[in-house]
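Work through the exercises below with the structure open. Try each task before reading its solution.

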Amino acid sequence: MNTQVAIIGGGPAGLLLSRLLQLNGVDNVVLERRSRDYVLSRIRAGVLEQGLVDLLQEADVHKRLKAEGEVHAGFDIAFHGEVCHLDLAELSDGKTVTVYGQTEVTRDLYDALDAAEATVIHEAENVALHDLDTDNPRVTFELNGQTQQLSATFIAGCDGFHGPSRQAIPASVREEYELTYPFGWLGILSETPPVGEELIYAGHESGFALCSMRSRKLSRYYVQCPSDDDVADWSDDRFWEELKSRLPTADANALVTGPSIEKSIAPLRSYVCEPMSWNRLFLAGDAAHIVPPTGAKGLNLAASDVHYLSRAFIDYFNKGGESLLRDYSKTALSRVWKAERFSWWMTRLLHCFPKQNNFEKNLQSAEFDYLQSSHAAKVALAENYVGLHY
Ligand code: APR
Ligand code: PHB
């Protein structure tokens, strides 16, 4: 098999890249390790920056998003019971975010790719990258027990944090930057109406909490927990009690509880791999970087990578331009580091760090006081939350 761009990984980054290339006449094949049902059963964050909404419109996969997505013009940050409201629209010249599940974005992309008869190969096992430093890179994989080969002009590594693409860059070239956090997020999904119209991020002395939603009938809640906690030790009752204790009183009183339909613990990590390209290989999304979920930048950052990378491939194949591909890593990393900074900052502001001393605790309080009292601080937070320009 031959193609122009071999895309490894059929998560949001790989599927969106495939769709944008296909609309611009660039031939591509997506290789995904899992089944489609598995990919569509993963629950991920659901706050979309305007840039991603625009990109989904460009990809012509925005109709359901426009009908069902909820535009949010603000959110609350609470700290030890005090509430600071961020009016995103007022602070950022009318910009907003849209609440729409990542799983739904993925489903819309599959539907569009199906309609266009794009090639997305599921359950491709033992995907391996070869000859990246030649003009003829290849990917080998196994499908139904048969070894297959895909030759391409370029390979896009969109295979998430655990995929093989990043590892194909020689260790002597790769620089990895990492921070791990001494806690995780326990998240639940429940068929209950959200506690409010907008999201609530809460810092409390016993840990962080977040009230989010997927729709008017489906809520998503999180509490900070030790990273080695076992989800089996968290009954629904224990979860709701803990959540309530960390929310401002008015929100705790308004909370509607019910049985959870999903419950899991996720670790928090900040990670960047540099460079994001090597010879004929280009990384995008979680394959190259991870952010902690505070601020919901993971999907949005994958989208800005795909924006830069799709333009670079389209320019190469349709106009013979090489400069966008040559500069891809530098261009993408400049935005990646700003999103890393913001996610790290918001994580530090709102979480309880086990070894934090009193000096650090007072800095955290001062940070929140400053945010509450300074218009400039609110503008800076809003500018980052709605998404930096790309
Ligand atoms: N071969 C083929 N596909 C693979 C392999 C492999 N060896 N390893 C992983 N994959 C697939 C995964 O099954 C997954 O479907 O690559 C895909 C990567 O998707 P994501 O992990 O969703 O990453 P990405 O597309 O970069 O999206 C970033 O999604 O994971 C969230 O927090 C993340 O919100 C962010 C966004
Ligand atoms: C979510 O809805 O899952 C969500 C929302 C905002 C975040 C993280 C997760 O910052």
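Contact here means heavy atoms within 4.5 Å. The model is predicted.

**Exercise 1. A glycine in a loop**

Find where Gly 160 sits, and list what Gly 160 is in contact with beyond its neighbours within four places in sequence.

Solution. 
- Step 1. Locate the residue. Gly 160 lies in the loop that joins β11 (146-157) to β12 (175-190).
- Step 2. Set aside the neighbours within four places in sequence. Gly 160 is then in contact with Arg 166, Asp 286 and Ala 287.
- Step 3. Compare sequence and space for one pair. Met 213 is 53 residues from Gly 160 in sequence. Their C-alpha atoms are 24 Å apart.

**Exercise 2. Ligand 1**

Solution. 
- Step 1. Start with the surroundings. There are 24 residues around ligand 1. Glu 32, Arg 42, Arg 44, Gln 102 and Asp 286 come nearest.
- Step 2. Look for a side-chain partner. An N or O atom in the side chain of Arg 44 is 2.6 Å from an oxygen atom of ligand 1.
- Step 3. Turn to the backbone. Ala 13 places a backbone N or O atom 2.9 Å from an oxygen atom of the ligand. Asp 286 has a polar backbone atom 2.9 Å from an oxygen atom of ligand 1.
- Step 4. Link back to Exercise 1. Asp 286 is also one of the contacts of Gly 160.

**Exercise 3. Helix α3 against helix α9**

At what angle do α3 and α9 cross, and which residues meet?

Solution. 
- Step 1. Take the geometry. Helix α3 spans residues 50-58 and helix α9 spans residues 298-319. Their axes come within 9 Å and cross at roughly 50 degrees.
- Step 2. The crossing of α3 with α9 is left-handed.
- Step 3. List the residues. From α3 come Leu 52, Leu 55 and Glu 58. From α9 come Leu 299, Asn 300, Ala 303, His 307 and Arg 311.
- Step 4. Sort them. Four are nonpolar, two polar and two charged.

**Exercise 4. Two partners of helix α1**

Describe how α1 packs with α6 and with α3.

Solution. 
- Step 1. Begin with α6 (residues 102-115). The axes of α1 (residues 12-23) and α6 come within 10 Å and cross at roughly 35 degrees. This crossing is left-handed.
- Step 2. Name the residues. α1 gives Pro 12, Leu 15, Leu 16, Ser 18, Arg 19 and Gln 22. α6 gives Gln 102, Thr 106, Leu 109, Tyr 110, Ala 112 and Leu 113.
- Step 3. Sort them. The α1 and α6 contact has seven nonpolar, four polar and one charged residues.
- Step 4. Move to α3. The axes of α1 and α3 are 10 Å apart, at an angle of about 45 degrees. The two helices are therefore oblique to each other.
- Step 5. Leu 16, Leu 20 and Leu 23 of α1 meet Leu 52, Leu 55, Leu 56 and Glu 58 of α3. By class, six are nonpolar, none is polar and one is charged.

**Exercise 5. Backbone geometry**

What is the form of the peptide bond from Glu 274 to Pro 275, and what is the phi of Asn 126?

Solution. 
- Step 1. The bond from Glu 274 to Pro 275 is cis, with omega near -5 degrees. Pro 275 lies in the loop between β16 (260-274) and β17 (277-278).
- Step 2. Asn 126 is not a glycine, yet its phi is positive, about 50 degrees. Asn 126 belongs to strand β9 (residues 125-130).

Methods: Residues numbered from 1 in each chain as written. Chains lettered and ligands numbered in written order. Predicted model: local features only at pLDDT ≥ 70, side-chain atom pairs only at ≥ 80, totals over all residues. Heavy atoms only, no water. Axes fitted to C-alpha atoms, helices over the stretch in contact; angles between N-to-C directions. Left-handed = near helix turned anticlockwise from the far one by under 90°. Nonpolar A, V, L, I, M, F, W, Y, C, P; charged D, E, K, R; others polar. Near = heavy atom within 4 Å. Polar contact = N/O pair within 3.5 Å; in protein donor to acceptor, adjacent residues only side chain to side chain. Parallel < 35°, antiparallel > 145°, perpendicular 65-115°, else oblique.
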